[in-house]
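Got your viewer open and a selection tool ready? Let's take a walk through this model, one stop at a time.

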Number of protein chains: 4
Amino acid sequence: MRLNLELNPVGIVTKSRAAGARELLRKLTALLRRRGIHYLCDPATAKLLGERAKSRTLPVLAGSVKLLVVLGGDGTLLGVARSLTHRPVPVLGVNLGKLGFLTETALGDLEEVLANVLDGHFEVEERMMLQVQVLRGRKSIATSTLLNDVVINKSALARILELDVRIDGQFVAIYHADGLIVATPTGSTAYSLSAGGPIVLPGMKAFCITPICPHALTNRPLVVPDSVTIQVTLESESPDVYCTMDGQIGLPLKAGDRLKVRRSGTILPLIVPHPRNYFDVLRKKLRWGAR
Amino acid sequence: MRLNLELNPVGIVTKSRAAGARELLRKLTALLRRRGIHYLCDPATAKLLGERAKSRTLPVLAGSVKLLVVLGGDGTLLGVARSLTHRPVPVLGVNLGKLGFLTETALGDLEEVLANVLDGHFEVEERMMLQVQVLRGRKSIATSTLLNDVVINKSALARILELDVRIDGQFVAIYHADGLIVATPTGSTAYSLSAGGPIVLPGMKAFCITPICPHALTNRPLVVPDSVTIQVTLESESPDVYCTMDGQIGLPLKAGDRLKVRRSGTILPLIVPHPRNYFDVLRKKLRWGAR
Amino acid sequence: MRLNLELNPVGIVTKSRAAGARELLRKLTALLRRRGIHYLCDPATAKLLGERAKSRTLPVLAGSVKLLVVLGGDGTLLGVARSLTHRPVPVLGVNLGKLGFLTETALGDLEEVLANVLDGHFEVEERMMLQVQVLRGRKSIATSTLLNDVVINKSALARILELDVRIDGQFVAIYHADGLIVATPTGSTAYSLSAGGPIVLPGMKAFCITPICPHALTNRPLVVPDSVTIQVTLESESPDVYCTMDGQIGLPLKAGDRLKVRRSGTILPLIVPHPRNYFDVLRKKLRWGAR
Amino acid sequence: MRLNLELNPVGIVTKSRAAGARELLRKLTALLRRRGIHYLCDPATAKLLGERAKSRTLPVLAGSVKLLVVLGGDGTLLGVARSLTHRPVPVLGVNLGKLGFLTETALGDLEEVLANVLDGHFEVEERMMLQVQVLRGRKSIATSTLLNDVVINKSALARILELDVRIDGQFVAIYHADGLIVATPTGSTAYSLSAGGPIVLPGMKAFCITPICPHALTNRPLVVPDSVTIQVTLESESPDVYCTMDGQIGLPLKAGDRLKVRRSGTILPLIVPHPRNYFDVLRKKLRWGAR
């Protein structure tokens, strides 16, 4: 039980193209006003509400609010998570479409769940994030904090990649593959799962290194502790190789470019249904057998 | 036992960048001259030999010779196979590098094997080829005959694809995946194997339809008879989707584009070692257990 | 369109423990009597109906009737198929429980579908069967005709098996594994699928050889033409190794025992819904994506 | 650098049937005697040496020595590890046959490595072990401490199992499968890998729950923290279901029996080559690509 004060103001981020988003926002903001809670919104949401004065960029929003309500799919929440690099803000994900791994609260439950959260009745699951730095020679050309995964991927036309993987400086192997995924436990149920990776419980302190269509059939996914530094060097010359972050941001790579992946200092405090059973999501989304 | 006459002239195609290619060619052409056999070459090989008069384009070569000797890797042989669309010419593949699935003759065995072949002592394995037509609206924008596979693949930055697959007009499923491979038995040990497909014996009359990193974990590879027509329609809008043929030719696709895949009327008569045991290659390349 | 005469008499086989089986049988037999069609039953069904005079053993039933109606699950139909070794009898599978791959007709559709079938409006899919012979030294110790698969499997306590596999006499490999499955296309969606095998369309003329938990990660499933003879020899000494047929019949094996698997001369004419789309079953049972 | 005193006496356990074991033991004991180090042996080793007075049972050996030298394969070392439940003793594994994951020291390096170890120059990797308790009703019918894995497995003839899995009391799913493996990181490269599990680095604090041939294709391996209690209940009636421990000990199970798996309080201090690169083993045993 916490005081309401802590969760005021609230930030709202919406997948604004979603059907019914405007109507839902009206309900949500009315509820907040009734409780005397201030709110701020990302620009698209502010526009949808017709309340320009409430508009803040994501980084500013992340720095100003005590609770973030994200209305959308897992993709919307991933974008929000990337901006939460300086201070952890509890995030409540509400799915506007089908059930998400991150946006577990159903639309119909929003009012009840939000009321509980504002009353301080909620549970938080700390999701680790990864920090990736892209190095070209001695220069760092990009850095990001990600909730799901960082991927080196070739385009359709590029030849098979050669990737040199090292863990804490120790040589692991040269992977000949379409690409390679470094995923957090949260990301283990995203792209890594499609590529043959295991499901890693959200509470684990681990990375999963999953090759994509590896040439060597023995190149199986590798689970490593989150205390290590993973370095992936693109050995092969190829015009169309990219580093993609959470499947949303892309960066062209050149031969010799290196990715350094570590655990981020930040975590994402994800508000989860109470009582919490993570396996409900697996049973619903993956149709694992119920009783 | 066949008459030598049948195998005169011989065509020679080389992966000209390979180390020692020139020296090898000299040996090979000397051997042919000693036996009074004429030869023609692809342009790069003719240049390497310094015999410009022997130079022919691949299609002309394919139309003129009785035997094709391919010096290189599986990739070199795939390129040659694509030009053999009008008449079947026996192909002898000699690997200049590591053991290939198609170029099974080792460099050191070239003289002995070639002498046997010219004497008519050889075995041929008929490899089926697939014919693919790419349709945009009512127009055919590309057509090709392939020994390995045709692939729809997204670039690193594109969103997951939606592919509508039909077999002889019957709806199979919408695949949500990075891509989809339609492979011949020959192609089953190439890209399809890395994507999780089975090994299909070269003699089979079948296609293997293998999704690449499918979102639905139940979307397993599908083996279908070679008598069917497979239609794959790209449902999703995405700027960077390609159709790739034998991993060597790329064609950008637009939403609505359709691939029609059928068995080609042509086969590739691949000269195989005698006595023939296909599984030798699996044991050597995949290190399947020997006795 | 065929004459009714052809489908008289009808054989009925029931999974007699299924709930509601007796009531269903009453409806079914009433329908047959109204149309003047005779029927015979397997002993359990006859007992359930209280019509002992109609009772015939499965082999006698298989030899006497023109149509077999099987009420139950895929398991019930597999047992029936094994007795149809001398003459092909069209089989209509009606599932009493959940949707089956073989028993595609829903209970609620039985009367309509059966009426159509008796009127000659039906489509038949010819399912190939495999014939297995188990050899100990020079003696044949068992032989069977199977619709799904033959499996060599170790018990929980036995050490990993060593299996020598040959195709048409050619050595394939020594498999070190928990076991090995040789499946027909029909069986490809049964045990073989769980062990990592592909889905092979029912119309294919092929076997799928799928190792179970192989020690070598490169030992991938192998699809071979139905014209071959597959020989599997149990090399390892182990007290608890079995040959299981369609998962229903078990036979203890000793070191040195050999399985010979060939295509059976018999096929199973399976009555399928009209219009026929095999992929409906994949979409329903495996939840492949619909539109 | 430690004092020699700490590693005196030394225990020796041998896979006594291995070729050349006796000669090797003579060398080893001569080396120890030259350094004034006492040794004790398991009964089979003492017999092989003809030194009955040195014979001790494994538990007594484990309780008496400061260093254990295990000559054999991974299987030999697993047996030793199960007896080290009260106090951790550093173990040096020397492979008498092919390279092992646990017995990394080659026979030819024994003298040099052992001299270094006795001089105090060695590195130890702490391998977590799991503790399993088998419960029937309110009674504990077995308990064991294992380095690799505990498995519920059906015999060849048993029907598919139904296994209810709970983690810290939370219902995960009902698995319909041939069996289920709970593996430590050390065990992740053993049976679990053959069943489709990931490779988990030895330093991880985690279990891997890997189903064997699951009916639901979405039942993928699950990596969970070592802080949890995993409970697996055998739901299905079947005459031939076993719990196997490290693949070496078997225990028949009945419907309703429950396995409780936790991290053991004990660890195995495994002596590893110096400088240590775990991935050398993966590259050698799984032939992952080197440079």
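What follows is a tour of a predicted model, with something to select at each stop.

**Stop 1**

The peptide bond that joins A:Asn8 and A:Pro9 is cis, and its omega is about 5 degrees. To get your bearings, A:Pro9 belongs to the segment before β1 (10–14) of chain A.

Now hop over to chain C and select C:Asn8 and C:Pro9. Is the peptide bond from C:Asn8 to C:Pro9 cis or trans? It's cis, with omega near 5 degrees. You'll find C:Pro9 in the segment before β1 (10–14) of chain C.

**Stop 1: a loop in chain A**

Go back to chain A and pick out the loop between β13 (206–212) and β14 (222–225), where A:Cys213 lies.

**Stop 2: a helix pair in chain A**

Two packed helices are described by the angle between their axes and the distance between the axes. Keep that in mind and select residues 21–34 of chain A, which form helix α1, together with residues 110–118, which form helix α5. Their axes are 11 Å apart, and the helices pack at an angle of about 30 degrees. Angles under 35 degrees count as roughly parallel, and α1(A) and α5(A) are therefore roughly parallel to each other. The crossing of this pair is right-handed.

From α1(A) come A:Leu24, A:Lys27, A:Leu28, A:Leu31 and A:Leu32, and from α5(A) come A:Leu110, A:Glu111, A:Leu114 and A:Leu118. Sorted by class, the contact of α1(A) with α5(A) has seven nonpolar residues, two charged ones and no polar ones.

**Stop 3: a helix pair in chain C**

Next, select helix α1 (residues 21–34) and helix α5 (residues 110–118) of chain C. The axes of these helices come within 11 Å and cross at roughly 30 degrees, which makes α1(C) roughly parallel to α5(C). This crossing of α1(C) and α5(C) is right-handed. Highlight C:Leu24, C:Lys27, C:Leu28, C:Leu31 and C:Leu32 on the α1(C) side, then C:Leu110, C:Glu111, C:Leu114 and C:Leu118 on the α5(C) side, and you have the contact. It divides into seven nonpolar, two charged and no polar residues.

**Stop 4: a helix pair in chain D**

In chain D, select helix α1 (residues 21–34) and helix α5 (residues 110–118), which pack at about 30 degrees with axes 11 Å apart. So α1(D) and α5(D) are roughly parallel to each other, and α1(D) passes α5(D) in a right-handed crossing. Here D:Leu24, D:Lys27, D:Leu28, D:Leu31 and D:Leu32 meet D:Leu110, D:Glu111, D:Leu114 and D:Leu118. How many nonpolar, polar and charged residues does the contact of α1(D) with α5(D) have? The answer is seven nonpolar, no polar and two charged.

**Stop 5: where chain D meets chain A**

Time to zoom out and color by chain. Between chain D and chain A, 40 residues of chain D are in contact with 40 residues of chain A. The area buried between them is about 3,300 Å², and carbon and sulfur atoms give 57% of it. Select D:Arg220, D:Trp288 and D:Arg291: they supply 20% of the area that chain D buries against chain A, more than any other three residues. The count of salt bridges between chain D and chain A is zero.

**Stop 6: where chain D meets chain B**

For the last stop, show chain D with chain B. This contact takes four residues from chain D and four residues from chain B. The two chains bury about 430 Å² between them, with 70% of it on carbon and sulfur atoms. Select D:Leu217, D:Thr218 and D:Arg287, which supply 85% of the area that chain D buries against chain B, more than any other three residues. Across this interface, the rule finds zero salt bridges.

Key
Residues numbered from 1 in each chain as written. Chains lettered and ligands numbered in written order. Predicted model: local features only at pLDDT ≥ 70, side-chain atom pairs only at ≥ 80, totals over all residues. Heavy atoms only, no water. Axes fitted to C-alpha atoms, helices over the stretch in contact; angles between N-to-C directions. Helix = DSSP H or I, 4+ residues; strand = E, 2+ residues; numbered from the N terminus. Parallel < 35°, antiparallel > 145°, perpendicular 65-115°, else oblique. Left-handed = near helix turned anticlockwise from the far one by under 90°. Contact = heavy atoms within 4.5 Å. Nonpolar A, V, L, I, M, F, W, Y, C, P; charged D, E, K, R; others polar. Buried area = accessible area lost by both parts, 1.4 Å probe. Salt bridge = Lys/Arg side-chain N within 4 Å of Asp/Glu carboxyl O.
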